[in-house]
Protein chains: 4
Amino acid sequence: MSGNTYGKLFTVTTFGESHGLALGAIVDGCPPGLSLTEEDLQIDLDRRKPGTSRYTTQRREDDLVKILSGVFEGKTTGTPIGLMIENTDQRSKDYSNIKDQFRPAHADYTYMQKYGVRDYRGGGRSSARETAVRVAAGAIAKKYLKDFYGIEVRGYLSQLGPIKIESVDWDQVEQNPFFCPDASKVPEMEAFMQALNKEGDSIGAKITVVATNVPPGLGEPIFDRLDAEIAHALMSINAVKGVEIGEGFGVVDQRGSQHRDEITPEGFLSNNAGGILGGISSGQDIIANIALKPTSSLHIPGRSVDVHGDPVEVITKGRHDPCVGIRATPIAEAMLALVLMDHMLRHRGQNGAVKHSVPVIPASVKK
Amino acid sequence: MSGNTYGKLFTVTTFGESHGLALGAIVDGCPPGLSLTEEDLQIDLDRRKPGTSRYTTQRREDDLVKILSGVFEGKTTGTPIGLMIENTDQRSKDYSNIKDQFRPAHADYTYMQKYGVRDYRGGGRSSARETAVRVAAGAIAKKYLKDFYGIEVRGYLSQLGPIKIESVDWDQVEQNPFFCPDASKVPEMEAFMQALNKEGDSIGAKITVVATNVPPGLGEPIFDRLDAEIAHALMSINAVKGVEIGEGFGVVDQRGSQHRDEITPEGFLSNNAGGILGGISSGQDIIANIALKPTSSLHIPGRSVDVHGDPVEVITKGRHDPCVGIRATPIAEAMLALVLMDHMLRHRGQNGAVKHSVPVIPASVKK
Amino acid sequence: MSGNTYGKLFTVTTFGESHGLALGAIVDGCPPGLSLTEEDLQIDLDRRKPGTSRYTTQRREDDLVKILSGVFEGKTTGTPIGLMIENTDQRSKDYSNIKDQFRPAHADYTYMQKYGVRDYRGGGRSSARETAVRVAAGAIAKKYLKDFYGIEVRGYLSQLGPIKIESVDWDQVEQNPFFCPDASKVPEMEAFMQALNKEGDSIGAKITVVATNVPPGLGEPIFDRLDAEIAHALMSINAVKGVEIGEGFGVVDQRGSQHRDEITPEGFLSNNAGGILGGISSGQDIIANIALKPTSSLHIPGRSVDVHGDPVEVITKGRHDPCVGIRATPIAEAMLALVLMDHMLRHRGQNGAVKHSVPVIPASVKK
Amino acid sequence: MSGNTYGKLFTVTTFGESHGLALGAIVDGCPPGLSLTEEDLQIDLDRRKPGTSRYTTQRREDDLVKILSGVFEGKTTGTPIGLMIENTDQRSKDYSNIKDQFRPAHADYTYMQKYGVRDYRGGGRSSARETAVRVAAGAIAKKYLKDFYGIEVRGYLSQLGPIKIESVDWDQVEQNPFFCPDASKVPEMEAFMQALNKEGDSIGAKITVVATNVPPGLGEPIFDRLDAEIAHALMSINAVKGVEIGEGFGVVDQRGSQHRDEITPEGFLSNNAGGILGGISSGQDIIANIALKPTSSLHIPGRSVDVHGDPVEVITKGRHDPCVGIRATPIAEAMLALVLMDHMLRHRGQNGAVKHSVPVIPASVKK
């Protein structure tokens, strides 16, 4: 299939450019019977929405999502769910000056090489604005997972540039504009971002997403392993340059005796694996980290070439996030939810009817 | 589709368990006209083969691959290529003692939860032995990429436990059993592995794979981005817990002014992006790193439970690699080659016929 | 993937119910550079539109299509094309009386068994109204095939109930409301339909679609043969119960010496094969027939059961086509165009770069 | 994906040429727990085997299938099942004389146009010999359907050239070499085939396949409708030129009042629909017909061209079936079983868990 569809049984196909008429998605394969309203989707869209704090782009989009099909009398019917978000605040003129330039670290050059043409307004299809519909689609998956299987998908900012969190308090995550679970780090982050804005520079970030109450058995080895598909989904988010499951790159320097998560009848004793063994969920929390590169749209001039190959100096004047990572938490949650929903249906289709008597090991020892 | 097929236009479907009659694969979508013999595949199989040094498992498998179809008079015909590797050294009795145990950090428990049954001999389908046919399939992709497009896919060990390489000399990679490109580190690695073997423990590793001479334009945004599919393919390798593109997790602490790879008419000035922008290849080297966890089969006892949920002490007595990363370089190369081959065909199908006049920027400034 | 996407490289995903807010589609994989306006799509939509003659349903829908993305400055960009058709004439109350009934030969019962719920208004997702967006998507494929490859896809009504056409004059097809290529049969068809309307009954039909100037080489044996995918696409049209390629069921009573299309250097001497041999196009015209069942919405009472299993008498009072076949010609053309477009891209991706010197045999001997 | 894989959740990927080393398949997605031996597959392979009567090709192949993986201690494990049939009776020299000729109505010309090369021995990949592995794979699906769901898939020859059966007695089907369910027609068929053999000509045939005890709810509208996928699967069989569901082309001349299968609480009153409404199974018998063209390998000379475009006279001397339809019954059964198995798993994955209280209508009124 072409590249704008994600999933096998629970699929999401998206369309839309930053400055076109609308963005949208078709969510196909959602089982019938889920209570669903536009408000259910709006919650996560509002979490991702630009213009909500001084640390994000000042483009103002209401990002109001419409459900065009697939829901009847308040419940999903099993038929495809059409979603649409109209673009309202399109200042296309902002971009005319970069029409013929290849901004460094943007997709300008690669889109031109691939397609021979590009919608240069706001990055066109390569804009992070495209992730709005992923968030809407992911909200459907999140709701289904929670309502029918009790699975919860959540995320937080675990590092902002040099600032690492030291503790995770889930109650803090929604209390600050960074999705930071460590309240003690918020002032430091605020000061850091203000200094950065003055310099016209940007910064990278690290996001952690966690799924709890996932049953054991999800994932289809060899190639459609759960971890492989999570890596695919998370790496497909704009600006992501790295994905880790569990201990991730920390395992390089671990010994086997240290890494292996020992098991007792009372539960797993650790979770270095991040909830996945042999590509299949173990019932432990699924934990993944992603690295997001710093925004490439800077007020600091940079060298590049134009469409004729001639050297140019590029300065971005539009409205941009100085740290794309800040708004990435709902996007990462959405993608993880899409993977889990798809695998839940695949597992149920292929193996879910299996009767067996294997005891379920608790996710972790209760302390 | 089910989980044992990789790719869209160039697909690989595999079968086989560690101690079954044979492993095999069907490579579908290889264009006609490629000169191909079993020897072409054997080269990479021999690089991956167990028992070649004291640092790898002592199981001895010739890993002789047979081409059963798809090649006629020395050339591929465009029809599916059937591959088979017969298992010869199957000491199934080695495993009878762990038949009812869930070895920690293995797939024993998750396979049982998913399927309700498992072939416990040598890990069955979850054994790293399965990667042998991936290497054979990948060798076809590697050869096509090189013969028809001039693309080269290579890899090396970049870290063994705490030992990091400090330089890359491609000529050294095949001169030592570690695929280590820094000859000065080899003695240290040897000493480390010997000490580890004595302790009966294992260690993680980091592998780097690089593709050179990749044309710009490969990758299908949004979801089938080149980086997303590379992440999928590499994370599907047994024991991999992290994937990075370019600077990877290093971007978290980078500033935009530092990260962006500036461009001059003479070429890109750096390659933090790892050759991919907006999910599409830029023509720069594609660079990816993977983290491999330490082998979980240890001679050091560990706690676990059995199929009845009762506590057991697990000791592995079979023949195992103390560092699965050591033999992983050819596997990672194979997976990267499969991704690139698939995307080359997809790009050629959908956009390759586009006529445009965008100048190609050199991968890097010649020094 | 789920069931609302067609195609591999050129994919169409649709959403929408008969009486919902809107119908829509995402066309993914259209190569860049195609000149495209809403008017290009409207032509075929108007051909399919209800209410254009007394022989079709009197529901009046303007069926105005909007292009929401993927086109920039009048040309496709290679990114997904979002299409939307808003529903305007929704008389939902017409259907309240059949809310709890399973109309015979409709999808009411099967949708309820599958999903446990259904949008009963106008058949919901199972309504032939859904084909409007297929026609819009197919129009993109038709235009690309014509503009870039010179392939033309056309169709006509070849039989209306007992009335068979005896000649094909392409110029006549658009001159009557039946898409009938034999002007001499039109009065007979008109009389037949008027009598049928009086009785409140409906009738079946047969449609023929033809693609000319198709290059040899399209189709991916074994399973993705061109004929197999045409059969899939055409059978997916509402009410279709049979598909033939070339001579179709006529081959059952043919001898090999009669069936085989002999070849001379001047061209093929006949076309019993319908332009496909071994699942691959031969360069001859591709010819397919489909059988469409009579509409099941009748003014004549019929026996059925309701959702409680109790017997009911069903009479349909809504506005319906007495012969769904009459408006099916543009739909069949659209589906054939989608198949050919997808296979053109697949062929170009996998084998199109093959250099060979096989002479091309003319489609037929010029007379 | 490429063209040699069928199915989404229950997939079959095949390889192999007529005169290569072996044919084979990977069956991926078979749920665990099915009792399976090579003998289970051999039954259907023997039904399809050449050389069993004077009315089929005299090539003698034992067609012994080996299960290489996916079965452990007599039961499927949920991992891919590798199948292999070695070729033993390969008289390649038979074909050297047609190496440079394009036999009329064969795939010789189209394969050359597609791939620029072909394995000319016995038709290579386009040989009907390829269907042997489909039969083996289909036998797994048939067994699963029967053992776990009580679904039975059977077929028979319904027409041989001009000879139509007049009654169906399932007990007769395996009692004659034609799979003819009407014993009274067998002598006529024998006489017809003997006369045909003398003339060196061949004849078409029609096969009917029936699935009984299929639950309502299978099929994924819009594009993955059950009937559409059956049409795809059956049309993918070599030599098939037409597919019908239920009344098929008979519906063209039916009235709605006649076609609609009325329903009473005691069951459906007829089955014109062939068990599928709106693309979803209704619980009635699924009935499909296919038309198979006459074999194109004749002893009667025919006109064609060679690879240089020069005219040649073609006479086939090899061993061939004078009616490919005779051995096609097990193949058609296999393909129908593959479709049903795949849809059973898809349905179970996406909607099977739906709780509803819709009463099930008996397939037909008991008489």
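D:N238 is found in chain D, in the loop between α5 (226–235) and β11 (240–245). Helices (H or I, at least four residues) and strands (E, at least two) are DSSP runs, numbered from the N terminus. The structure is a predicted model, in which local features need pLDDT of at least 70, side-chain atom pairs count only at pLDDT 80 or more, and totals for chains, interfaces and linings use all residues. Residues are numbered from 1 along each chain as its sequence is written, while chains are lettered from A and ligands numbered from 1 in the order in which they are written.

D:N238 counts as buried because it has 23 C-beta neighbours inside 10 Å. A residue is termed buried if 20 or more other C-beta atoms lie within 10 Å of its own, exposed if 12 or fewer, and partly exposed in between, with C-beta atoms placed from the backbone. When residues up to four places away in sequence are not counted, D:N238 touches D:A128, D:T131 and D:V324. Contact here requires that the C-beta atoms of two residues, placed from the backbone, lie within 7 Å. D:I331 is 93 residues away from D:N238 along the chain, yet their C-alpha atoms are separated by 9.8 Å.

Helix α2 (residues 108–115) of chain D is mostly covered, with 8 of its 8 residues buried. Among them are D:Y109, D:Y111 and D:Y115. After α2(D) comes D:G116, which has a positive phi, near 75°. Chain D also touches chain A, in a contact that takes 14 residues from each of the two chains. The chain A side of this contact has 6 nonpolar, 6 polar and 2 charged residues. In this classification Ala, Val, Leu, Ile, Met, Phe, Trp, Tyr, Cys and Pro count as nonpolar, Asp, Glu, Lys and Arg as charged, and the others, Gly among them, as polar.

In chain A, an unreviewed UniProt entry lists A:R48 and A:R54 under "binding site". UniProt positions are given in the numbering used here, feature names are shortened, and annotations may be inferred rather than shown by experiment. A:R48 lies in helix α1 (residues 38–48) of chain A and is buried, since 23 other C-beta atoms lie within 10 Å. Apart from neighbours within four places in sequence, its contacts are A:A132, A:V135, A:R327, A:P330 and A:I331. A:R54 lies in the loop between α1 and β4 (65–67) of chain A and is exposed, with 12 other C-beta atoms within 10 Å.

Chain B contains an open sheet of 5 strands in the order β1-β2-β3-β7-β4, with antiparallel pairing. β1 (5–6) and β4 (65–67) of chain B stand at the edges, each with a single partner strand, so one side of each is left without a neighbour in the sheet. Two strands pair if DSSP finds at least two bridges between them; 3 bridges join β4(B) to the antiparallel strand β7 (residues 81–86) of chain B.
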